[in-house]
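Me: I would like to learn how to read the features of a structure that is new to me. Could we go through them one at a time, with the general idea placed before each case?

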Amino acid sequence: MTEAAGPLLHHAVASWYADHGRDLPWREPECPAWGVYLSEVMSQQTPIARVLPIWQRWMERWPTPFDLASDTPGEAVRMWDRLGYPRRALRLWESATVMVERHDGEVPSEHADLLALPGVGAYTAAAVASFAFGDPHTVVDTNVRRVLARTITGQQHAAASLTVAETRLAERSMPGEVGEANAWNAAVMELGALVCTARSPACGECPVAHLCAWQLAGRPEQEGPPRRGQTWHGTDRQVRGRIVQLLRESADPVTRTAIAATWPDDESKVERCLAGLLEDGLAEQGTDGRYSLPS
DNA sequence: GACACGTGGCG
DNA sequence: TCGCCAAGTGT
């Protein structure tokens with residue numbers, strides 16, 4: 001099909017979701033908006049399987065924005081454990097503070113207020129508005145982009161970065177009715193996560209394979225240069241990760257010497273990374289010269 | 001638009 | 001083994 005999604009697609013995906021959608025705790029009707037909000041931030045660039053245990057721990061320890069805002073940002077980073085991109089924990093703490101100071105301690109329900117929170121971009125604002133508050137903003141994540149690229153556009157992969165055309169396509173693909181629109185957001189994302197996957201799509205189990213443009217075209221391999229893979233070994237990101245891990249696992253502040261030992265090969269690299277972490281607020285230096293997570 | 005930003009599992 | 005990839009955001 002070459003037009004935006006129609007009722008056939010909507011119904012097929014919704015029906016599939018009813019049978020195959022995962023029972024994630026933040027999808028329970030009684031889950032507070034705070035739980036939905038945490039799940040969305042934690043899920044950024046992160047597999048759900050790794051989010052689950054961390055989400056459970058956060059919800060037990062900090063069941064409301066007020067509880068998190070009352071603790072230290074360092075504890076947020078510590079509880080973040082190895083989820084990755086620990087600045088997200090910092091932003092979560094900052095956003096909890098904003099909720100306490102400006103939104104009566106609640107997750108704001110207005111899309112514009114959500115978007116203004118630190119660490120919240122187009123995707124997360126739309127997702128929280130739709131999933132937590134039933135306000136059907138168009139959710140466009142990597143799953144949605146891939147599903148639409150295949151079913152509607154007939155391409156194996158979405159563009160390297162989100163384009164205006166993709167956003168417009170996603171908007172046009174939304175059902176008109178509010179309830180259906182919110183259900184569509186969740187269902188199409190789930191389809192991309194479980195069936196219409198990037199590496200090896202399970203087209204044999206796809207509820208819309210019969211009207212998928214890419215499928216009908218014979219699932220052609222995408223031409224063009226492959227995405228450039230990001231290197232890892234020896235990068236600042238790896239060194240920063242080691243330093244934060246050390247700070248996380250230390251009950252007491254650590255010395256400069258201990259930090260230098262996390263990357264023995266290159267002292268200047270450690271120097272630069274530590275400075276970056278201090279700049280980012282992921283570390284701080286005490287009056288005795290030692291380092292710790294932010295207090 | 002290109003990059004930086006963590007981490008770990010999978011083919 | 002190693003590159004790809006996972007519910008992105010900020011600069």
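Reply: Let us begin with contact, which means heavy atoms within 4.5 Å, and with helices (H or I, at least four residues), which are DSSP runs numbered from the N terminus. This is a predicted model, in which local features need pLDDT of at least 70, side-chain atom pairs count only at pLDDT 80 or more, and totals for chains, interfaces and linings use all residues. Residues are numbered from 1 along each chain as its sequence is written, chains are lettered from A and ligands numbered from 1 in the order in which they are written, and side-chain values use heavy atoms, with hydrogens and water left out.

Me: Which residues of H2 and H6 meet each other?

Reply: From H2 come Trp34, Tyr37, Leu38, Val41 and Met42, and they meet Arg88, Leu92, Ser95, Ala96 and Met99 of H6. Sorted by class (Ala, Val, Leu, Ile, Met, Phe, Trp, Tyr, Cys and Pro being nonpolar, Asp, Glu, Lys and Arg charged, and the others, Gly among them, polar), this contact of H2 with H6 has eight nonpolar residues, one polar and one charged.

Me: At what angle do H2 and H6 pack?

Reply: Axes are lines fitted to C-alpha atoms, for helices over the stretch in contact, and angles run from 0 to 180 degrees between N-to-C directions. Helix H2 (residues 33-42) packs with helix H6 (residues 87-102) at about 150°, their axes being 10 Å apart. Angles under 35 degrees count as roughly parallel, over 145 as roughly antiparallel, 65 to 115 as roughly perpendicular and the rest as oblique, and H2 and H6 are therefore roughly antiparallel.

Me: How are H8 and H11 arranged, in angle and in distance between axes?

Reply: Helix H8 (residues 122-133) and helix H11 (residues 178-194) pack at about 125°, with axes 9 Å apart, and that makes H8 oblique to H11. Their contact is made by Tyr123, Ser130 and Phe131 of H8 together with Asn182, Asn185, Ala186 and Met189 of H11.

Me: Which residues come nearest to DNA strand B?

Reply: A residue is near a strand if one of its heavy atoms lies within 4 Å of it. Around DNA strand B there are 18 residues, of which Arg50, Arg82, Pro86, Arg237 and Arg240 come nearest. The largest share of this surface, five residues, comes from helix H13 (residues 236-249), and by class the surface has nine charged, five polar and four nonpolar residues.

Conventions
Helices (H or I, at least four residues) and strands (E, at least two) are DSSP runs, numbered from the N terminus.
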